[in-house]
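I opened a notebook page for this structure. The entries follow in the order in which I looked things up.

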Amino acid sequence: MPTAIPAAAPAHPSGDKRFKILDATMKRHRHSPDALLEVLHAAQELFGFLDLDCLIYVARSLKVPPSRVYGVATFYNFFSLKPKGEHTCVVCMGTACYVKGTAAILAAVERQYCIKAGETTPNGALSLVTARCLGACGLAPAVVFDEEVAGGLSVALTIARLARWTDHGR
Amino acid sequence: MGAEDIDAIRERETAAWDAQRCRIAVCTAAGCLSSGAAAVRQAIADGVTHAALDGVRVVGTGCLGLCHAGPLVRVDTPDDRALYDRATPSLAAILVAHARAGTLPAEGRNTDEASFFAAQDRIVLANAGRIDSERVEDYIAAGGYRALQKAVTEMTAHDVVDEIVASGLRGRGGGGYPTGLKWSTVAKADGPTKYVICNADEGDPGAFMDRSVLEGDPHRVLEGMAIAGYAVGAEQGFVYVRGEYPLAIARLKTAIKQAERLQLLGNRIFDSALNFRIDLRIGAGAFVCGEETALIASIEGRRGTPRPRPPFPAARGLWNRPTLINNVETFANVAPIVERGGAWYAAIGTEKSKGTKVFALAGAIARTGLIEVPMGLTLREIIFDIGGGIPDGRSFKAAQTGGPSGGCIPADHLDLPVDYESLAGIGSIMGSGGLIVMDDRSCMVDVARFFMEFCRDESCGKCIPCRAGTVQMHGLLTKITEGRADERDLRLLEQLSELLTRTSLCGLGQTAANPVKSTLRHFRDEYLAHIVDKRCPAGVCRMGGAS
């Protein structure tokens, strides 16, 4: 495997401890530019999303052009450049779920909260996301509420389930 | 740790198995876990502990197949076995009471089991229901790592390649390229450094075979990769796994650590000259990364865009070194082939498609789940005998195979034997094994639009035919489903289909038109109904003004 010369990256000026953990991850990968995806995975886990400051920090530390870091961060669906809402609702749009009616569920949630898939409500309570396929086709139509996968859903059940999150704070 | 130590583990574990009066295996694949399998397992384990039962073992096992009826529990006694479906923690007390007596309760027993499993032949999934997915000792007791030991101690690298060639195994990721040929190309390639990559970026919607194998039997994949490393002369392997599969990632991590601890991975495996390590690389949600050159770019930390082939990865792959890339299911077939011989495997299946294939049944089918059948079974047998047919009194309309690269197969081809050539002959592909059944409530134009939207979103944007073509085709299909299209649009759609197929850079673009082509071929009347009569026969599409 190719190796890179370990870079003596300057610490992040904010003093945020999470950058130290990120530094450790980069060090473990010997600051190799090949490890960019692993580093971005780690950064998103630490910060919840990837802001511009973080991307520039990673670019400097790995000694790669910021354009490449930005290019990779925007290429993959998994990386988010915007903060996520307090709760996340993932509607599976895999074929099995689609033929069992998740398009209607998605449309209903979009209407109910006046957001489109990929957006977060203005109050930051709920992010709505679609998934390509959860691989849980036996549960179709399936929706993930935060970490919990729920199957056999209908429009009414989904809306009721979301209301438990969103009506709580009102 | 050498061969004797592994043998000692096998003997000890086998003796422990034989001493068991009752084994309760709870399915802990993602589907069953989502419907509460963890609580069921806990309740049973607590019950067994509380009752202080000797000789009763509770394990978490790989996908038991009947995913729609989860959580599933399999109970084995020396004389009998039973499968319980839709298990709840309250089943625990009943099972524990019966386990004490060594009997099997009748309550909650699954009745579909006989017909579901009758036509199946489980090689890849052989360990599901038998072993604990998280214990390497169970895998060893079930004969695991014997093939690796045989390969490195009794066979030359050349012999191993020969066995794979003799088996007739073809790539299970969908392409169907002869695995043995790929292995021998990499084995012959020059260079001191080579790599083995397992493509676990299972991206087709409606396909969950690889997830189930990785979750249920991760060591099988690792063993296959190590054998491949020996055969082609590589010392480093990578598993590139989808980020959407957290459980598979966790199980793989555990399995790699266990194998390293027992020196089944690492230096001087089984005291031979083989050194082989495996690292994980986690994908980040890009369908195109299932394409091998894009996957390599992603492992190298770049945008997952493909490059033209040749040179193929077998000559210039990861970091420009010769690289062997196979799919999860392909690797899972390796250990049984090495252990039992290529001729044994080649005796299963059809003339040109050998062995078995794992399918994920989903959609409008009574028994959604995971099956493994010999190649050459008919679609009718798979959908109606094994899958239990179409529920809700509906009628069969089409079976979709191969995901966004595949096609829809209509009812008049139900008696077609399922193998690589037959499916290609009617405009679909074998694909990785997703089989989605559609009933009369699905509109084929809408399905084609659904897949085109998928390809449009997942196109990496590197080549123009795919980047612009998928957008234009999706626009045309939307126009048709909204009743705004005329016959010129249909002609344009057909022209674009050809253009994408012929001029795209990689498999994604080259096959993106397949769902359109196959639905046009078999369901042209539905397109015409939308265009001429402004009517959706299935009642799915909302025609402009009509709704």
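I began with contacts in chain B. Of those with a separation of 6 or more, 72% join residues 24 or more positions apart; contact means heavy atoms within 4.5 Å.

I noted the ground rules next. This is a predicted model, in which local features need pLDDT of at least 70 and side-chain atom pairs count only at pLDDT 80 or more, while totals for chains, interfaces and linings use all residues. Residues are numbered from 1 along each chain as its sequence is written, chains are lettered from A and ligands numbered from 1 in the order written, and side-chain values use heavy atoms, without hydrogens and water.

I then looked up the build of chain B. Chain B has 23 helices and 13 strands (DSSP runs, H or I of at least four residues for helices and E of at least two for strands, numbered from the N terminus). Its C-alpha trace spans about 75 × 60 × 40 Å along the principal axes. Of its 547 residues, 63% are buried, meaning under 20% relative accessible area with a 1.4 Å probe, protein chains only.

I turned to the cysteines. The count is 0 disulfides over all chains, a disulfide being a pair of cysteine sulfur atoms within 2.5 Å. Cys133(A) is in none, and the nearest cysteine sulfur, in Cys137(A), is 4.0 Å away. Cys133(A) is buried at 2% relative accessibility. In Cys67(B) the sulfur is 3.7 Å from that of Cys63(B), the closest one, which is too far for a bond. Cys67(B) is buried too, at 13%.

Last, I checked Val143(A). Val143(A) lies in strand β3 (residues 143-145) of chain A and is buried, at 0%.

Terms used. Buried < 20%, exposed > 50% of the residue type's maximum accessible area, 1.4 Å probe, protein only.
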